Amino acid sequence: MLAAVYDRTGPSHEVLRVQEMPTPEPGPGEVRVRVRLSAVNPTDWKSRARTATIPDAGFQVPNQDGMGTIDAVGEGVEPGRLGERVWLYFCAWQSPWGSAAQYSVVPSEQAVPLPDSASDELGASMGIPAVTAHRCLFADGPLDGRTVLVHGGAGAVGHYAIELAKWAGAQVATTVSNDEKAELARQAGADPVVNYRDDDAAGQLRSLAPLDRVVELALGANLALDLALAGPATTIVDYAAEPQDPVLPVRACMNANVTLRFVLLYGVPRPALLQAAADITTALSDGALTELPVTRFPLDQVAQAQEAVQAGTVGKVLVIP
Ligand SMILES: NC(=O)c1ccc[n+]([C@@H]2O[C@H](COP(=O)([O-])OP(=O)(O)OC[C@H]3O[C@@H](n4cnc5c(N)ncnc54)[C@H](OP(=O)(O)O)[C@@H]3O)[C@@H](O)[C@H]2O)c1
């Protein structure tokens with residue numbers, strides 16, 4: 001098969017190459033997927049650039065997410081799964097076989113049935129963004145009738161956080177930085193949509209206070225705004241690190257009696273991941289999840305694809321293997 005691969009961390013054009021590789025065989029409990037679309041996330045370029053531990057195999061095929069069709073099953077996997085159309089997550093997590101290749105092998109549970117009504121592009125976009133959004137939203141209980149503020153509502157995680165929270169019955173507000181992103185967030189169902197750079201951002205969100213949940217990706221930048229809208233029932237869930245760690249205003253957090261939670265998907269307990277995958281598939285079947293704009297690259301431009309994500313391309317960047 002053809003695969004993108006790197007065997008050391010570094011700049012994309014220096015370490016990423018495309019080459020012929022032996023097609024992997026699924027081990028016990030695994031499935032092999034003919035990948036139709038591989039999706040790039042910030043974690044993929046960050047791992048390739050600086051944090052990856054190269055697997056014992058001596059190489060890493062990048063990219064955690066994608067979609068395709070199961071074409072082989074390992075021992076213990078129901079043969080009826082052959083031919084199933086699936087969305088994928090964690091392909092490159094503790095495995096050399098990421099999704100930026102014609103074939104990937106993953107544990108059977110990480111190849112999740114994709115409803116016929118969902119497009120290939122939507123299926124490939126689920127993975128890390130939708131599972132992260134699910135964990136941030138539901139780790140502290142159901143959302144029916146609750147209020148949620150999603151920061152960065154035109155980002156991949158933000159977009160699926162808005163749509164999953166709406167699907168679960170919440171009122172959802174969001175923040176963005178410009179009109180183009182505001183329109184995307186409105187289409188996802190957020191109301192109100194507020195520019196977080198406005199001096200009066202807190203005033204524009206006041207009617208929703210005290211919030212039940214804040215889905216946060218820039219704790220230092222936004223904490224004053226979050227605390228202005230928080231109360232004892234508010235949980236602020238942060239899933240991203242800023243270049244500089246913020247200084248925590250402990251007294252202000254105490255005054256609000258607020259709860260802080262942090263999420264790193266790689267450490268989320270397995271039952272929560274399985275619940276997320278099941279709920280996301282149900283939400284897909286219900287037509288509650290929609291595509292962001294997509295930018296496609298052929299496999300031999302995998303380096304450019306990762307750079308596009310690093311540069312902040314709006315929407316999802318997909319690689320066609
Ligand atoms: N912890 C985890 O397990 C986990 C999982 C997934 C992603 N992540 C991390 O989460 C981040 C987002 O991932 P993604 O895939 O959603 O990226 P993305 O699609 O690029 O979205 C990021 C969004 O954040 C917005 N943003 C930046 N600064 C903001 C601020 N101060 N307030 C509100 N919005 C702000 C950006 O828009 P503007 O710049 O225009 O504001 C952009 O729309 C990345 O750093 C990624 O590594 C972590």
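Predicted model: local features only at pLDDT ≥ 70, side-chain atom pairs only at ≥ 80, totals over all residues.
Pro129, Ala130, Thr132, Ala133, His134, Leu137 and Phe138 of helix H4 are in contact with Ala156, Val157, Tyr160, Ala161, Leu164 and Ala165 of helix H5, where contact means heavy atoms within 4.5 Å. By class, the residues of this contact comprise 11 nonpolar, two polar and no charged; Ala, Val, Leu, Ile, Met, Phe, Trp, Tyr, Cys and Pro count as nonpolar, Asp, Glu, Lys and Arg as charged, and the others, Gly among them, as polar.

Residues are numbered from 1 along each chain as its sequence is written, and side-chain values use heavy atoms, with hydrogens and water left out.

H4 covers residues 127-138 and H5 residues 156-167; their axes come within 8 Å and cross at roughly 55°. H4 is therefore oblique to H5. Axes here are lines fitted to C-alpha atoms, for helices over the stretch in contact, with angles from 0 to 180 degrees between N-to-C directions. Oblique is what remains once angles under 35 degrees (roughly parallel), over 145 (roughly antiparallel) and 65 to 115 (roughly perpendicular) are set aside. Helices (H or I, at least four residues) and strands (E, at least two) are DSSP runs, numbered from the N terminus.

Let us turn to the ligand. Which residues come nearest to the ligand? They are Ser177, Lys181, Tyr196, Tyr239 and Leu265, of the 23 residues around it, each with a heavy atom within 4 Å. Polar contacts are pairs of N or O atoms within 3.5 Å. An oxygen atom of the ligand lies 2.3 Å from a side-chain N or O atom of serine 177. For valine 157, a polar backbone atom is 3.0 Å from a ligand oxygen.

Finally, the backbone. The peptide bond from aspartate 191 to proline 192 is cis, with omega near 5°. Proline 192 sits in the loop between helix H6 (179-188) and strand E10 (193-195).

Methods
Polar contact = N/O pair within 3.5 Å; in protein donor to acceptor, adjacent residues only side chain to side chain.
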